[in-house]
Amino acid sequence: MSRAEIAIVGAAETTQMGKVPHLSQTGLHADAALNALADCGLTVKDIDGIATGGHDAAEIAQYLGITPTWLDGTSVGGCSFIAHVRHAAAAIKAGLCTTVLITHGESGRSNLRNHRPIFPSQHQQDFESIYGALFPPSRFTLPVMRKMKDDGLTLEQIASVAVVQREWAAFHPRATARDPLTVDDVLSAKMIAWPFTKLMCCLVSDGGGALILTSAERAKDFPTKPVYLRGMGGESAEGPMVSQMEDFTTSRAFRVSGKKAFDAAGITHSDVDHLMIYDAFAHLPIYGLEDLGFVKKGEGGAFIAEGHTRPGGKLPLNTNGGGLSYMHSGMYGMYALQEGVRQMRGVSPAQVKDAKLSVVHGVGGMFSASATAVLTSEDRW
Amino acid sequence: MSQKLQPTVYPETRFYWDGAKAGKLMLQRCTPCDRAYFPPRPFCPECGSRDVTVVQASGRATLHSYVINHMPAPGYEPPFTVAAVTLEEGPRMMTNIVDCPADPAALTLDMPLEVTFETRGDMAVPVFRPAKGGAA
């Protein structure tokens, strides 16, 4: 029998999401942080560790009035916050700090900020951007034609990801896009970067979220139901040049991070009640299902198209609607974590009945980095 | 319309851009691994050896994957093709496919390609076109 060591005791998103023209990016961080503190009844004076990505962690500390003894500014794109959970857990275990605040804020839509959230890569700029591959829709999508040829993935299967996730989004009052979709709607939407239409690409939103972590032994002192980490999770990186991926049909970073997380948690796939796979574009849940080992390579598209991940299916996936329908600020990983926490607390508007274990898997950059967390409602296993 | 982007030249990549300007696609080859690699760096990404040489690539490649970009990009008229091509020597690189419609009907994976060079100010960048005369 293992006992949980680390718990998430506070979790919240920004008061508003989608279009938030009255808050700067720094302000979105703070709004999320204050909401998470209120969620667990702490104040900034109780926080001694701070982590954020795409933004200077020291700025957030100063803006909120926090004097940290531990900082993490890992910024590898949207999965950074999932990596922060892992790093924070290690820091708390090592006694470097006791109570960590992880914040995310991003003015992705209103652009009330003066910097981009991810470090530019020298090689990416000089050997990829010069070919007009400047934005995620023409970079993240590049491997997919190869996967379609080699693994038999179809356009209809990719479109079905957006359709199924819209079904989940319909449960969430805070989701941006809630109207039902059909595969034909997705395939006939405006072309962005063949074979990707607009409805296969994520939303562009303003918003933020924050988490508060501490040791599991303190977890029952808080007003909300604790959510425990099962194992320390996983992380990896392959690098920011999508053209240099080892294999266009599978993500090495996904495989390494996922295996690390599953091994650390001591779980098998049948233990997983609820799954979040970061979906900046519709192909990512397909890669994720395969690379995490839920299905065999080449079977991810059919698995989703057959309905196994939709409401009532055997593997509820992206139950907030994901980056395609819920919101996507630019670094979406925080929102995947928030839905994982809601599911483990039993309070998601799309609650999976009796769910006790949630895997939250994220991508950073364009298949550049990855991080995976295993959350559970149980304090021993 | 704004100009297409120019790469920044660093000491480690100068040979590559000098080569492109002279109409040559340059790679590096690790002596211990006997293997070509890309993008440029003064050591082998496989084994870390600094025993590497600069070699000229044949310019023959095949189409590994692509997207047809419909979004604006500086100097480009959408739609245009962003591709990953596999060089005959092994490495893969991002590029554009030119002298070929930006149309899925004209872009078949694994089709043979050959390098050509596109002038950008006082520089040139390698791009690829369908190979003349069949298989690469």
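Predicted model: local features only at pLDDT ≥ 70, side-chain atom pairs only at ≥ 80, totals over all residues.
The contact between the chains takes in 26 residues of chain A and 26 residues of chain B, and one piece of it is an antiparallel pairing of strand 5 of chain A with strand 4 of chain B.

**Where the chains touch**
- On the chain A side, the elements that put in two or more residues are helix 4 (122-127), helix 5 (136-139), helix 6 (144-151) and strand 5 (191-194).
- By residue type, the side of chain A that touches chain B splits into 15 nonpolar, 7 polar and 4 charged.

**The strand pairing across chains**
- Strand 5 of chain A runs antiparallel to strand 4 (residues 60-69) of chain B, over 2 bridges.
- Across from A:A193 you'll find B:N69, in strand 4 of chain B.

**Cis peptide bonds**
- A:W194 and A:P195 are joined by a cis bond, omega near 10 degrees; A:P195 sits in the loop between strand 5 and strand 6 (196-197) of chain A.
- The bond between B:P78 and B:P79 is cis too, with omega about -5 degrees, and B:P79 is in the loop between strand 4 and strand 5 (80-87) of chain B.

**Positive phi without glycine**
- A:N111 isn't a glycine, yet its phi is positive at about 60 degrees.
- B:D110 is in the loop between strand 6 (92-96) and strand 7 (112-120) of chain B, and is exposed, with 12 other C-beta atoms within 10 Å.

How values were computed. Residues numbered from 1 in each chain as written. Chains lettered and ligands numbered in written order. Contact = placed C-beta atoms within 7 Å. Helix = DSSP H or I, 4+ residues; strand = E, 2+ residues; numbered from the N terminus. Nonpolar A, V, L, I, M, F, W, Y, C, P; charged D, E, K, R; others polar. Pairing = 2+ DSSP bridges. Buried ≥ 20, exposed ≤ 12 C-beta atoms within 10 Å, placed from the backbone.
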